[in-house]
Amino acid sequence: MYDIVIVGAGPAGATLARLLGKKLKILIMDKRQLLDMNSKSNFEKCCGGLLAPDAQQMLAKFGLGIPKDILVGPQLFTVRTIDIQNNIEQYYQRHYINVHREKFDKWLVSMVPPEVTVVCEAVFKRFEIANDNNIKVQYFEQGKERTIYTKVLVGADGAFSTVRRKISLDSRNPKTYISIQEYYKMNSNLPYFSSIFDDDITDFYSWTIPKDDLLVLGTAVMPKNKPYEKFMALKKKLILRGFEFGPCVKKNGAYLLRPEKLDQICLGKANIPLIGEAAGWISPSSAEGLSYSFKSAYALANAIQKRPDSIIAEYYRNTNKLRINIRLKHLKSPFMYNTFLRKIAMKSGLMSMDIIN
Ligand SMILES: Cc1cc2nc3c(=O)[nH]c(=O)nc-3n(C[C@H](O)[C@H](O)[C@H](O)COP(=O)(O)OP(=O)(O)OC[C@H]3O[C@@H](n4cnc5c(N)ncnc54)[C@H](O)[C@@H]3O)c2cc1C
């Protein structure tokens, strides 16, 4: 019998296991292979791999520094914002840490204490509440179905969370996008994170991120909106604006959540809490999610230690500031996503800077 079983060893799950691993009996499972730094995973997390200042602050609070082999070049200080509708470009200073996302996740897992049982290439299937109120968990590992029992089951299994789907009885789910990324051999030096706004492609945004000798082009579009055609239309428009894309060497995709209302964030119920993107913790304005994964894992770790008999109520209390943060992002969103307000904001030049060539 475990105290906690965590489904998903991404940033949220691995952080929770790291924080509680010495105090409680924990098993954490993931469908990816995250224990071997050198292996190539069967599933790869589709992500920009940029650590924004809020995520950097959480790493600082945890007393962590990122090893150099997890970084990729260039480190980025500039956001190039391109508004295709209004035909305006501006540059803003913002410091990101540019990482190799797969290696970053493996590094987080490597810090889980040895007392924790880490099971990789294991797929969570279902749970049921047993007579004594404990939880029976079933998962597949190496083609075999395994059954374990736990007092608390944590869903840290990302945007397409199986745990959330199994406990969520209503339809208050965040707006869901399909994100597509392609990696191209880079012909020229582009030391910016570009964020691209174009209502014909998406009501969210698209991006380019340099990663060593590759350039990532990504977008998040509505699933019903012919996602790949939209992606190709975006690429054509960027080529017309002077972007150069070499041969494509890799593609990936994932669901991406955008909580438009606070009640779309689901903390779970009773002894089945949700953290990270599984709960809907992600910025609705920028899709920055790593800081929310760290913060929600930390909030839940405190709740489990302080009020094991009333986890969700305590977790709710611990995430008050995070809800205010999401509310502030909602207030900022019109200035990014309303064509007219964005034009005024960008034309004003507020906070922007000139690039000296
Ligand atoms: C295209 C894209 C770009 C992004 N770029 C950035 C960025 O640059 N910076 C940023 O801060 N955020 C970014 N985000 C958001 C960020 O990736 C997420 O918010 C963050 O990864 C959430 O962490 P998590 O631990 O909650 O979930 P995840 O990172 O999704 O981890 C969930 C884990 O659960 C595992 N899992 C899922 N289902 C099962 C199952 N049934 N059984 C076993 N294991 C399972 C998965 O393998 C995975 O390891 C981006 C998201 C997308 C889609």
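Strands are runs that DSSP assigns as E over at least two residues, and they are numbered from the N terminus. The following exercises apply this numbering to a predicted model.

**Exercise 1.** Determine where Gln142 lies, and state what its phi angle shows.

*Solution.* 
Step 1. Most residues other than glycine have a negative phi.
Step 2. Gln142 is not a glycine, yet it has a positive phi of about 50°.

**Exercise 2.** Describe the open sheet of six strands and explain which strands stand at its edges.

*Solution.* 
Step 1. The order of the strands in this open sheet is β6-β2-β1-β9-β8-β7, and the pairing is mixed.
Step 2. β6 (117–120) and β7 (122–129) each have a single partner strand, so one side of each is left without a neighbour in the sheet, and these two stand at the edges.
Step 3. Direction ignored, neighbouring strands of this sheet are turned by 35° against each other on average.

**Exercise 3.** Which strands pair with β5, and over how many bridges?

*Solution.* 
Step 1. Begin with β3 (residues 50–51), which pairs with β5 (residues 88–98) in the antiparallel sense over two bridges. In this pair, Leu51 stands opposite Ile97 of β5.
Step 2. Continue with β4 (residues 76–83), whose pairing with β5 is antiparallel and extends over seven bridges. Ile82 has Glu89 of β5 as its bridge partner.
Step 3. Consider the connection between these two strands: β4 and β5 form a hairpin with four residues between them. In the turn, Asn87 has a positive phi of about 50°.
Step 4. Finish with β17 (residues 352–353), which runs antiparallel to β5 and is joined to it by two bridges. Tyr92 stands opposite Ser352 in β17.

**Exercise 4.** Characterise the lining of the second largest pocket.

*Solution.* 
Step 1. The volume of the second largest pocket is about 460 Å³.
Step 2. Its lining comprises 24 residues, and those nearest the centre are Glu44, His100, Arg101, Tyr183 and Lys250.
Step 3. Helix α3 (residues 101–110) gives the most to this lining, namely four residues.
Step 4. The lining has twelve charged, seven nonpolar and five polar residues.

**Exercise 5.** Locate Cys47 and list the residues that it touches.

*Solution.* 
Step 1. Cys47 has its place in the loop between β2 and β3.
Step 2. When residues up to four places away in sequence are not counted, Cys47 touches Arg101, Gln181 and Tyr183.
Step 3. Along the chain, Cys47 and Val216 are 169 residues apart, while their C-alpha atoms are separated by 9.8 Å.

**Exercise 6.** Is the peptide bond between Gly73 and Pro74 cis or trans?

*Solution.* 
Step 1. Most peptide bonds are trans.
Step 2. Omega between Gly73 and Pro74 is about -10°, and the bond is cis.
Step 3. Pro74 lies in the loop between α2 (53–61) and β4.

Conventions:
Residues numbered from 1 in each chain as written. Predicted model: local features only at pLDDT ≥ 70, side-chain atom pairs only at ≥ 80, totals over all residues. Heavy atoms only, no water. 1 Å grid on protein atoms, 1.4 Å probe; cavity = no way out; pocket = protein on both sides within 12 Å on 5 of 7 lines; lining within 4 Å. Points joined across faces, edges and corners; volume = space filled by probe spheres on them. Nonpolar A, V, L, I, M, F, W, Y, C, P; charged D, E, K, R; others polar. Pairing = 2+ DSSP bridges. Axes fitted to C-alpha atoms, helices over the stretch in contact; angles between N-to-C directions. Contact = heavy atoms within 4.5 Å.
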